[in-house]
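I opened this notebook to keep track of what I looked up in one structure. The entries follow the order in which I checked things.

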Amino acid sequence: MNYYLRNKTIFCLITTTLFYSCKRYEDISIDSKIDSTETIGVQKNNKDFDFLPSSTNNEVVIHDNYTLSYIDKYEQAEWVAYELKKSELNFNNNNFERPFFIEDNKVKSGSADWRNYKRSGYDKGHLCPAGDRKFSKKAFEETFYTSNISPQKHDFNEGVWNRLEQKVRYWASKYDGIYIVTGGVFTNNMKTIGDEDVAVPNSFYKVLLDTSREEYKMIAFLVPHQDSDEPLYEFVISVDELEKMTGIDFFPNLDDALENKLEKSSDYKSWSF
């Protein structure tokens with residue numbers, strides 16, 4: 001083979017190899033894009049992410065069975081966050097004696113004194129309900145810090161808010177555990193009670209995240225501070241709307257694409273009402 005033919009043969013071999021290599025790379029890239037699109041809605045390492053919201057006041061208090069962000073200006077938590085597992089339910093036979101409410105020493109400024117509620121006309125409304133922590137005496141008693149309560153009208157506390165708490169327990173059992181964030185919405189026109197001017201929110205919220213399946217679900221409720229016979233789904237709003245009202249970033253450690261997708265939706269049909 002002369003010099004020209006040999007070089008031409010080598011050139012063709014190189015060109016052919018490069019063509020198939022590039023084609024293979026293109027196919028892999030396309031497959032990767034498809035896989036990436038298909039996994040939107042799924043959290044990587046889904047059981048290891050930090051589910052806590054942002055704190056607008058940077059005073060986060062961690063207890064054994066829930067975490068909260070305390071706002072001294074309003075003398076209560078802007079949110080209380082906890083996970084409610086299926087294994088923590090069905091302990092109604094644990095008839096623990098209700099302890100007295102006490103101040104939370106972990107709050108740097110000191111949480112509100114329970115006497116602010118005395119003869120105020122408002123209940124000491126649990127944010128993390130004592131009924132969600134009946135699996136142990138310690139967990140139950142931990143819910144009686146005054147950092148875990150907000151002033152609530154009795155008919156609201158025992159009415160629509162109680163119905164929502166019962167539904168949350170149902171979902172925690174059905175979906176084998178959910179993450180819960182709850183609190184009052186703070187505005188400029190709130191009534192106050194007691195010597196420490198404990199604010200009375202005009203509405204309360206709950207945000208729930210179910211991570212039990214490959215497709216995550218999120219739902220948010222905004223409930224006016226009054227009793228109502230309306231079905232619970234009437235109080236569903238998007239998490240995006242709630243974030244604008246509260247200034248809180250809920251579940252910021254979710255993958256961004258997943259967080260954006262879930263927080264825009266106010267569809268409740270995937271939840272069993």
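**Entry 1: confidence.** What is the mean pLDDT of the chain, and what share of its residues reach 70 or more? I noted a mean pLDDT (the predictor's confidence in each residue, from 0 to 100) of 85, with 82% of the residues at 70 or more. This is a predicted model, in which local features need pLDDT of at least 70 and side-chain atom pairs count only at pLDDT 80 or more, while totals for chains, interfaces and linings use all residues. Residues are numbered from 1 along each chain as its sequence is written, and side-chain values use heavy atoms, with hydrogens and water left out. I marked residues 2-47, where pLDDT stays under 50. For that stretch the model has 25 contacts (heavy atoms within 4.5 Å) beyond four places in sequence.

**Entry 2: the cores.** I looked for nonpolar cores, meaning sets of buried Ala, Val, Leu, Ile, Met, Phe, Trp, Tyr and Cys residues joined through side-chain atoms within 4.5 Å. Buried is under 20% relative accessible area, exposed is over 50%, and partly exposed is in between (1.4 Å probe, protein chains only). The largest core has 42 residues, and Val 80, Ile 178, Leu 208, Phe 221 and Val 223 have the most contacts inside it. Among the elements giving it two or more residues are helix H4 (160-174), strand S6 (178-184), strand S9 (203-210) and strand S10 (217-224). Helices (H or I, at least four residues) and strands (E, at least two) are DSSP runs, numbered from the N terminus. H4 gives the largest share of this core, six residues. A second, separate core of 23 residues includes Tyr 205, Leu 222, Ile 248 and Phe 251.

Entry 3: Is S9 enclosed or open? Eight of its eight residues are buried, so S9 is largely enclosed by the rest of the structure. I checked both faces: Ser 203, Tyr 205, Val 207 and Leu 209 are buried on one side, and Phe 204, Lys 206, Leu 208 and Asp 210 on the other. Strands pair if DSSP finds at least two bridges between them. S9 runs antiparallel to S6, with six bridges, and antiparallel to S10, with eight. A hairpin through six residues joins S9 to S10.

**Entry 4: rings.** How many aromatic pairs does the structure hold? I counted 17, taking rings of Phe, Tyr and Trp (its six-membered ring) with centres within 6.5 Å; planes under 30 degrees apart are stacked, over 60 edge-to-face, and the rest tilted. Phe 101 and Phe 144 make a tilted pair, 4.9 Å centre to centre with 50° between the planes. Both are buried. Tyr 233 and Tyr 268 make a stacked pair, at 5.1 Å and 15°. This pair ties together parts 35 residues apart in sequence, because Tyr 233 lies in the loop between S10 and strand S11 (236-237) and Tyr 268 in the segment after helix H6 (256-264). Tyr 233 is partly exposed at 33% relative accessibility, and Tyr 268 at 28%.
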